[in-house]
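Here is a briefing on selected helices and loop residues. Look over the sequence and the fold before reading on.

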Amino acid sequence: MRSVFICSIRHITGIVMIVIAGACSTETGLKYPVAEKEMVADTYFGKEVADPYRWLEDDTSEKTADWVTEQNKVTQAYLMQIPFRDRLKQRLTALMDYERIGAPIKKNGKYYFFKNDGLQNQSVLYVKASLDGTPAIVLDPNRLSDDGTVALTDYAFSKDGSYLAYCISRSGSDWNEIYVINLATGQHTGDHLLWSKFGGPSWQGNGFYYSAYDAPEAGREYSNMNENHTIYYHKLGEPQSQDQTVYRNPKEPKRFYYGSVSEDERVLFIYESGAEVGNNLFMKDLTRNGSEIIPLTEDMNFVYNPVEVVGDKVFFLTNFGAPRYKIMVADIRAPKLANWKDMVPETESVLTTDVQVIGGNLVLIYEKDASHHAFIHSLDGKRLHEVTLPTLGSVYFSGNKDDKETFYVFTSFTFPPTIYQYDPDTNASEPYMAPKVAFNPEDYTTEQVFYPGKDGTKIPMFLTYQKGLSRNGNNPVLLYGYGGFNISLTPSFSTNRLAFLENGGIFAQANLRGGSEYGEEWHQAGIKMKKQNVFDDFIAAGEYLIREKYTQSSKLAIQGGSNGGLLVGAAVNQRPDLFQVALPAVGVMDMLRYHKFTIGWNWASDYGTSEDSKEMFEYLYAYSPLHNIRDDRTSYPAILITTADHDDRVVPAHSFKYAATLQAANTGGAPKLIRIETNAGHGAGKPVSKVLDEYTDMFAFLMFNLGMKP
């Protein structure tokens with residue numbers, strides 16, 4: 001039974017504004033901007049918790065804007081005095097300046113693909129008539145803004161390949177606008193839809209399904225809670241006001257609803273999520289007018305994903321009765337969960353959600369110890385081949401249900417994304433497109449180690465560094481982690497890390513509990529009142545790196561974004577002595593109020609909320625980064641917080657309040673700075689120019705405070 005939650009905000013008449021003089025770092029000479037403390041507090045189950053920087057939650061106020069401006073001035077002044085910053089930017093720019101091409105997408109006999117020449121802010125969509133044909137531009141997002149801050153976020157081709165519906169985001173926001181291109185003429189149709197979010201277009205007939213919210217309150221588009229997610233059907237040529245409401249559930253205004261049409265356009269699947277760790281699934285027969293929406297499942301504690309409809313069979317990916325996932329199948333005429341039958345049973349490895357039907361076969365990607373393995377199965381579940389991949393890494397496939405022409409992209413820490421053409425009949429792969437990056441991958445090595453967590457749990461971690469590195473306890477290390485939301489960290493390539501590696505650094509990626517590396521049990525071991533396991537695993541990674549003489553505390557830096565920003569903030573509070581530098585990005589820092597903004601309530605399945613119970617409140621309060629900053633002369637690492645003004649996923653108020661509290665506390669002389677990007681969001685779609693600026697600042701700060709001299 002849910003406990004009664006008692007919360008009050010005490011506003012005192014003639015509120016006293018306590019001005020905190022700009023705190024000064026004796027070590028760096030930094031003087032932080034003046035902040036004000038308001039006498040605001042919340043009461044949780046009899047416990048009063050002060051929230052003096054509540055005013056920073058108002059991202060539209062002039063006072064907040066002034067604070068942001070002054071913080072950026074101090075941060076940029078500090079970063080500009082780093083002697084190698086300009087040279088570092090030149091090197092990062094040179095590394096980024098290489099041609100990046102995505103896997104071909106075959107539609108209506110033509111091949112579509114994305115390409116970035118190197119330093120273009122956004123990748124461009126091209127088409128060619130054959131694989132060796134001359135490409136032509138279909139859509140160039142760089143032409144949609146002067147500064148590259150309009151990004152393509154989603155797209156869908158109509159079944160016959162005549163139309164392309166695409167979504168754009170402005171300044172990094174999660175809000176999307178939808179447009180349509182007639183691919184025969186190359187012209188826009190005039191269709192323009194607003195306020196779409198978390199549910200892009202899925203075509204059926206002369207239109208498509210999409211998800212959207214009602215227009216938000218003017219001025220509060222990026223912070224107010226989003227409610228009443230609705231699935232609509234838009235018919236080409238008609239105004240948005242005439243779009244048909246397909247599904248809306250006013251009884252559950254905070255949940256997400258989005259639709260997906262089978263490739264043969266016979267079935268609409270509707271997903272319901274946002275209450276637990278899984279989803280519910282519904283189905284609508286599109287071959288019959290007025291058909292009802294049928295619930296297939298009734299338990300949101302499990303994941304239910306339709307893979308494809310093939311004839312009268314529906315294939316599903318699920319962890320129902322299989323924590324590491326399996327494939328089930330049902331007859332389209334009896335599609336409820338009770339009628340599903342096992343097709344590909346659960347194995348020791350985790351079946352990822354990237355399951356496709358390509359060329360009449362099932363393509364299954366398994367994850368073993370946080371690295372991908374690819375297999376081809378027949379549609380009766382029989383395993384036909386394992387696809388030989390170059391090394392430990394990550395892979396995704398591209399192809400159509402009935403076309404054997406198949407491509408896949410493979411990548412790893414020092415293996416740039418490379419496209420292979422794959423023949424499922426002979427199980428042979430041939431390189432199709434390999435990028436040319438200005439570094440030699442043969443100079444580096446990646447090893448995987450397994451270290452014990454605090455409770456003895458074996459945790460995997462990847463380490464990448466230059467060959468010949470000496471384990472003398474004196475190497476600079478950047479330790480990265482996430483640990484949450486059933487998300488796995490598999491090997492990936494980033495030029496932004498290469499300059500650090502070139503200068504003797506080690507990049508360490510720890511696969512913490514809370515992710516999906518070992519299935520739902522691994523996820524469950526790092527959520528709610530087991531969240532401390534995630535922080536313990538991260539801290540244990542740092543201790544292992546020191547114990548095994550890869551590094552020492554004065555050479556150890558930590559990094560994480562979003563839920564990983566929370567991880568970094570909590571780890572710093574709990575073990576400030578262990579780290580020299582911390583880089584928390586777009587972090588969830590206020591664990592007592594996170595659920596009150598935009599879609600923050602959706603994270604309760606992993607975190608719980610301060611409203612749930614006295615025990616849950618106390619657990620969150622005990623690790624919340626904002627509420628556990630020490631103020632007792634404990635020396636903290638050098639900290640550079642990063643966020644953005646248009647982040648409507650993890651609103652910047654988290655980072656604002658955390659930075660103000662950190663700067664006001666007595667945590668030693670190392671810098672405590674915040675970098676606030678303008679016209680940017682949570683990270684997706686950020687233009688290359690802003691990415692380069694941000695990573696230059698982050699790695700300059702990191703390397704300077706680790707004593708590196710690149």
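Which residues are buried in H6? They are Asn563, Gly564, Gly565, Leu566, Leu567, Val568, Gly569, Ala570, Ala571, Val572 and Asn573. Buried means under 20% relative accessible area, exposed over 50%, and partly exposed in between, with a 1.4 Å probe and protein chains only.

This is a predicted model, where local features need pLDDT of at least 70, side-chain atom pairs count only at pLDDT 80 or more, and totals for chains, interfaces and linings use all residues. Residues are numbered from 1 along each chain as its sequence is written, and side-chain values use heavy atoms, leaving out hydrogens and water.

- Helices (H or I, at least four residues) and strands (E, at least two) are DSSP runs, numbered from the N terminus.
- Eleven of the twelve residues of H6 are buried, so the rest of the structure largely encloses this helix.
- H6 covers residues 563-574 and should span 16 Å at 1.5 Å a residue; its end C-alpha atoms are 17 Å apart, which agrees. The expected span is 1.5 Å times one less than the number of residues.
- Ser562 sits in the loop between strand S39 (556-561) and H6. Its phi is near 65°, a positive value in a residue other than glycine. Ser562 is buried, with a relative accessible area of 15%.

**H1 against H9**

- Helix H1 (residues 62-80) packs on helix H9 (residues 653-664) at about 60°, with axes 12 Å apart. Axes are lines fitted to C-alpha atoms, for helices over the stretch in contact; angles run from 0 to 180 degrees between N-to-C directions.
- H1 and H9 are therefore oblique to each other. Under 35 degrees counts as roughly parallel, over 145 as roughly antiparallel, 65 to 115 as roughly perpendicular, and the rest as oblique.
- Thr64, Trp67, Val68 and Gln71 in H1 meet Phe656, Ala659, Ala660 and Gln663 in H9. Contact means heavy atoms within 4.5 Å.

**H1 against H10**

- H1 also packs on helix H10 (residues 688-705), at about 60° and with axes 10 Å apart.
- On the H1 side, Gln76, Tyr78 and Leu79 make the contact; on the H10 side, Asp697, Phe701, Phe704 and Asn705 do.

- Phe485 lies in the loop between strand S37 (477-480) and helix H3 (498-502).
- Phe485 has a positive phi of about 55° although it is not a glycine.
- Phe485 is partly exposed, with a relative accessible area of 21%.
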